Amino acid sequence: MQLAALAAQRSNCMKRRVGCVLVRERRVISTGYNGTPRHLTNCNEGGCPRCNRGERGGVGLSTCLCLHAEENALLEAGRERIREGSILYCDTCPCLTCTVKIAQVGISEVVYSQGYNMDQESAAILKAAGVCLRQFSPVSHILQKSIVTHANME
């Protein structure tokens, strides 16, 4: 999740910074962040009319030029590199558009940090596609490390 947060720092989107990391067999196969496509003016420099108009969430989505972090990571990796067993880590729960793309390429698990306004719809699609969805909890992650460390000391 720290790598996803780091990737988000590269975002040029006016609305929010989101990062994503694709992992297979404990190796990073691609990263992505949200923002305008290659060779277009950056969102934060006026490149995306929707974001620069200050539209509220869920409004004018069809006019947004920004790619989502998940889309960028999927495009960068390509379907051949993803394969079954790949895990997608993302700052936010994927939107519906990204969710169907994630299901299509064969991702096995999606781990996200923060909720999004479509979590339940995305969860239903991922469940139907056989993709595990879970919210990352830093506290449980620290507890797991502590338990493993303690068990190794005994």
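Student: Is Cys 98 buried or exposed?
Tutor: Keep in mind that this is a predicted model. The relative accessibility of Cys 98 is 1%. Buried means under 20% relative accessible area, so Cys 98 counts as buried.

Student: Where is Cys 98, and which residues does Cys 98 touch, not counting residues up to four places away in sequence?
Tutor: Cys 98 has its place in helix α5. With residues up to four places away in sequence not counted, Cys 98 touches His 68, Glu 70 and Glu 71.

Student: For "binding site", which residues does UniProt list?
Tutor: The UniProt record is an unreviewed entry, and under "binding site" it lists His 68, Cys 95 and Cys 98. They are spread over 31 residues of sequence, yet they cluster in space, with a largest C-alpha distance of 9.0 Å.

Student: Is Cys 95 buried or exposed?
Tutor: Cys 95 is placed in the loop between β3 and α5. Its relative accessible area is 7%. Since buried means under 20%, Cys 95 is buried.

Student: What about Leu 6: buried or exposed?
Tutor: Leu 6 sits in helix α1. Together with Leu 3 and Val 28, Leu 6 makes a nonpolar surface patch of about 290 Å². The relative accessible area of Leu 6 is 58%, and the cut-off for exposed is over 50%, so Leu 6 is exposed.

Student: Which residue has its backbone oxygen 2.4 Å from a polar atom of the Arg 81 side chain?
Tutor: Arg 81 is in helix α4 and touches Arg 24, Ile 29 and Glu 76, leaving out residues up to four places away in sequence. The backbone oxygen at 2.4 Å belongs to Ile 29.

Notes: Residues are numbered from 1 along each chain as its sequence is written. This is a predicted model: local features need pLDDT of at least 70, side-chain atom pairs count only at pLDDT 80 or more; totals for chains, interfaces and linings use all residues. Side-chain values use heavy atoms; hydrogens and water are left out. Patches are made of residues with over 30% relative accessible area and no salt bridge: like charges are joined within 9 Å, nonpolar side chains (Val, Leu, Ile, Met, Phe, Trp, Tyr) within 5 Å. Accessible areas come from the Shrake-Rupley method with a 1.4 Å probe; for residues, only the protein chains shown count as cover. A salt bridge is a side-chain nitrogen of Lys or Arg within 4 Å of a carboxyl oxygen of Asp or Glu. Helices (H or I, at least four residues) and strands (E, at least two) are DSSP runs, numbered from the N terminus. Buried means under 20% relative accessible area, exposed over 50%, partly exposed in between (1.4 Å probe, protein chains only). Contact means heavy atoms within 4.5 Å. A polar contact is a pair of N or O atoms within 3.5 Å; within protein, one must be able to donate a hydrogen and the other to accept it, and residues adjacent in sequence count only if both atoms are side-chain atoms. UniProt positions are given in the numbering used here, feature names are shortened, and annotations may be inferred rather than shown by experiment.
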